[in-house]
Amino acid sequence: MSRFICCTLVLAFGLVGNGVAQDPTAAGVGASFHMTVDSAAREVVITVGPYHVPSDSGMDDMKMDMSMADVLSPRFAWPMDTWIRGYQLTVEDSAGRPLSRRLLHHYGVLEFDRRELAYPVIQHLLGGGAETGDVVLPRTVGIPLATGDRLAMYFMWHNAAGRDLDGVYLRLRIFWIAGNQLPRPTLVQPFWLDVNWHAGERDDFAVPPGGCVRMYAFDLPVSGRLLAASGHLHEYGSSVRLEDAETGDLIVRVEAVREPDGTVHNVSRKLFGIFGEGPHLEAHHRYLMVVTYDNPTRDTLSGMMGLMGGLFVPDDITAWPVLDRSDPRYLVDLRWWEQGIPPETIARGRP
Ligand SMILES: [Cu+2]
């Protein structure tokens, strides 16, 4: 459950992990939350800050653990019925000048009123990491959001500048599609899959010398097509693939782009067309996620992760299951985000 997205985070909508939720004031005295709707630009602009961002250098492990905690914004209500098609995040100083995006380890937005595709927990609507670019989808696809849907933004600092920074703001622009657009967009949903997901538990794992293959069997509550897929791997990660668990047929495979020292710069993306080119996944059918790691070193690598995320086009979006707010997995996940967990139980997620 401690889905520490270290290093090269991927993609796109949905693919970001959990850290530890903190009250935003814990990381920024007087930090405020502000949302505006820019109808001309078709943007919702969310600004949070100012934050004091301590330098990571010279921190001992305990301080580092605290520093690597997620900061959670207040929940806010989405202001309109719409479809969103992209987002852009900037880190700024108090005068609005851009700062390095690498001050952020990762960030994301939670959708408290919709469930994930594969898991009965709150949806990760969008997100990214230090190396992740902004995401803009074609106008032909959109993720539906309803007036009043409760969202929250979270983020994790990573200040390698060598000095504390003050007056830091985050500005997240979410782009929407005009309600009268014709043709209407194809409705898509973000998704993520974690090869070691167990509600309420850490999701990192160890990779012994020589590498390993980890598998995770799952099924989906609705049928639909893959529109986009990518992955998240730590150092010496090799690939993430989906297979039909009954036939063994390959569905999609993405690969790490690595340095000789094992550092993963990014993971390849697969983009399928929206008119039926993507692989079709059947509801209640057994699929297998397979994550492969190499490890040419003599050491066991700890804190490794294997995720796939992307976009899914449900055959019938109205069949998307509602959040079962009595499901113990939902409750554990929600508690995670609302209360956090004690720092001593956190996996050290730094590469
Ligand atoms: Cu990670």
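1. Helices, of at least four residues, and strands, of at least two, are DSSP runs numbered from the N terminus. On that basis the protein has 26 strands and two helices. The model is predicted.

2. Of the 351 residues in the protein, 43% are buried. Among contacts with a separation of 6 or more, 81% are between residues 24 or more positions apart.

3. The largest nonpolar core contains 79 residues. Leu110, Met153, Tyr154, Phe155, Met308 and Phe312 have the most contacts inside this core. Strand 13, residues 165-177, supplies the largest share of the core, with eight residues. Both domain 1 (21-186) and domain 2 (187-319) contribute to the core, with at least three residues from each. As a general point, nonpolar side chains in soluble globular proteins tend to be buried together.

4. Which residues does Leu110 contact, leaving aside its neighbours within four places in sequence? They are Ile122, His124, Leu125, Leu151, Ala152, Tyr154 and Trp337. Of this group, Tyr154 is also listed with Leu110 among the residues with the most contacts inside the core.

5. Strand 2, residues 32-38, is hardly covered: of its seven residues, the number buried is zero. Strand 2 pairs with strand 3, residues 43-53, through seven bridges in the antiparallel sense. Within this pairing, Thr36 stands opposite Val45 of strand 3.

Terms used: Residues are numbered from 1 along each chain as its sequence is written. This is a predicted model: local features need pLDDT of at least 70, side-chain atom pairs count only at pLDDT 80 or more; totals for chains, interfaces and linings use all residues. A residue is buried if 20 or more other C-beta atoms lie within 10 Å of its own, exposed if 12 or fewer, and partly exposed in between; C-beta atoms are placed from the backbone. Two strands pair if DSSP finds at least two bridges between them. Two residues are in contact if their C-beta atoms, placed from the backbone, lie within 7 Å. A nonpolar core is a set of buried Ala, Val, Leu, Ile, Met, Phe, Trp, Tyr and Cys residues joined through C-beta atoms within 7 Å. Domain bounds come from an automatic or database domain assignment.
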